[in-house]
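I opened the model and kept notes as I went. I wanted the sheets, the helices on them, the voids and the annotated sites.

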Amino acid sequence: MTAIAVLGSTNMDLVAYVPKAPRLGETVTGRAFRTAPGGKGANQAVAAARSGAEVVMIGAVGADDFGVRLRSALASAGVDTTALRTVEGASGTAHITVDDEGANSIIVVPGANAHVTGLEAGDDGRIGAADLLLLQLELPLEAVLAGALAARAHGVRTVLTPAPAQQLPAGLLAATDLLVPNEHEAAALTGLTDPYRAAEALLEQVPEVVITLGAAGSLYAARGREPRAVPAPQVRAVDTTAAGDTFVGALAVALGEGRAMDGALAWASCAAALSVQRPGAQDSMPSRAELVAFAAAQGVR
């Protein structure tokens, strides 16, 4: 079984469903509201666990009711929460609007995640025991860099999702094996709106890049190879909140199981396609059995 370590955020998602997202200064009436466990780190951990990996989550929750729920949700998904510490204060929250087209906008308040500024005792060993380390940018950059350097020291493959988009230190990029931005994050990192040109620019800093393109699938680029697009199954999206995290979690499992990149990307796209057909973040993520069945129906093995 693939072993995956995730160093990342845990947030409670506060989700408002609206006919259309409000413009600046505008108030709109929503049609529903829900709270659900989320956070890019926790989402990727759950996605990987449901896709068939053994997963350990490294991070922090607050000493509040949200913290209890966040820890319980991870444990219920089969994620090891031994390295998920509890700190004083509030847990992280994400304030999300989802419109009738399934598109979303998100404001993240870090809360407990801001307390994760480096590795704790035992974290280095947990990372070293993994096949892959998943990283995102909802923790302080010094913690992300510490995790990436630990992975590099142990020969563990690092997969970095550069979200929320921001300029990255050279040391972090140098310790990244696979960078997985969406097209907007790739543009923010390079100043280039064309995904192919953005991928080419990013390859000057990392050896492999996957740019996710929403319903259009993904673009894979690696040094010394021609970039290639991998299409996604066409489905009706209800909520795209967790699509990217579902994609990354499933991709990590597929790579850990030894799939070639094209097959791994097709597998990950199937997982994301399943997730967008359901509301919520972690609640929308498919089980291994669901993913296998759907992928087979799409001709993906």
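Predicted model: local features only at pLDDT ≥ 70, side-chain atom pairs only at ≥ 80, totals over all residues.

**Entry 1**

I took contact as heavy atoms within 4.5 Å. Axes are lines fitted to C-alpha atoms, for helices over the stretch in contact, and angles run from 0 to 180 degrees between N-to-C directions. Helices (H or I, at least four residues) and strands (E, at least two) are DSSP runs, numbered from the N terminus.

Next I turned to helix 9.

Totals for chains, interfaces and linings use all residues, while side-chain values use heavy atoms, with hydrogens and water left out.

Two strands pair if DSSP finds at least two bridges between them.

I checked one pair in detail. Strand 1 (residues 3-7) and strand 4 (residues 54-62) run parallel and are joined by five bridges. Ile4 stands opposite Val55 in strand 4.

What is the strand order in the open sheet of four strands? I found 3-2-6-7, again listed with mixed pairing. Strand 3 and strand 7 are at the edges, and each pairs on one side only. The twist averages 20° from one strand to the next.

Strand 2 and strand 6 pair in the parallel sense, over seven bridges. Ala16 stands opposite Thr97 in strand 6. Helix 2 (residues 65-76) packs on this sheet and touches strand 2, strand 3 and strand 6. I read about 65° between the direction of helix 2 and that of strand 3.

Strand 6 and strand 7 run antiparallel, joined by six bridges. His95 stands opposite Ile107 in strand 7. The two strands form a hairpin with five residues between them. In the turn, Gly102 has a positive phi of about 90°.

**Entry 1: the cavity**

On a 1 Å grid over the protein atoms alone, a cavity is a set of points where a 1.4 Å probe fits but cannot get out. A pocket is an open set with protein on both sides within 12 Å along at least five of seven lines, and lining residues have an atom within 4 Å of a point. Grid points are joined across faces, edges and corners, and a volume is the space filled by probe spheres set on the points.

I found one cavity of 30 Å³ or more. The largest cavity has a volume of about 30 Å³. Its lining includes Val15, Tyr17, Arg34, Ala36 and Ile96. Strand 2 (11-17) and strand 3 (32-38) each supply at least two lining residues. Strand 2 gives the largest share, three residues.

**Entry 2: the pocket**

The largest pocket has a volume of about 1100 Å³. I counted 44 lining residues, of which Asn182, Thr240, Thr241, Ala243 and Gly244 lie nearest the centre. Which helix gives the most to this lining? Helix 8 does, with five residues. Helix 8 spans 243-256.

**Entry 3: annotated sites**

The unreviewed entry places "binding site" at Asp239, Thr241, Ser275, Arg278, Gly280 and Ser284. These are spread over 46 residues of sequence, yet they cluster in space, with a largest C-alpha distance of 9.9 Å. From this set, Asp239, Thr241 and Gly280 belong to the lining of the largest cavity. Ser275 lies in helix 9.

The same feature name in UniProt also covers other residues, including Asn11, Asp13, Gly39, Glu138 and Asp245. From that set, the cavity lining takes in Asp13. I located Gly39 in the loop between strand 3 and helix 1.

Definitions and conventions. Residues numbered from 1 in each chain as written. UniProt positions renumbered as here; feature names shortened; annotations may be inferred.
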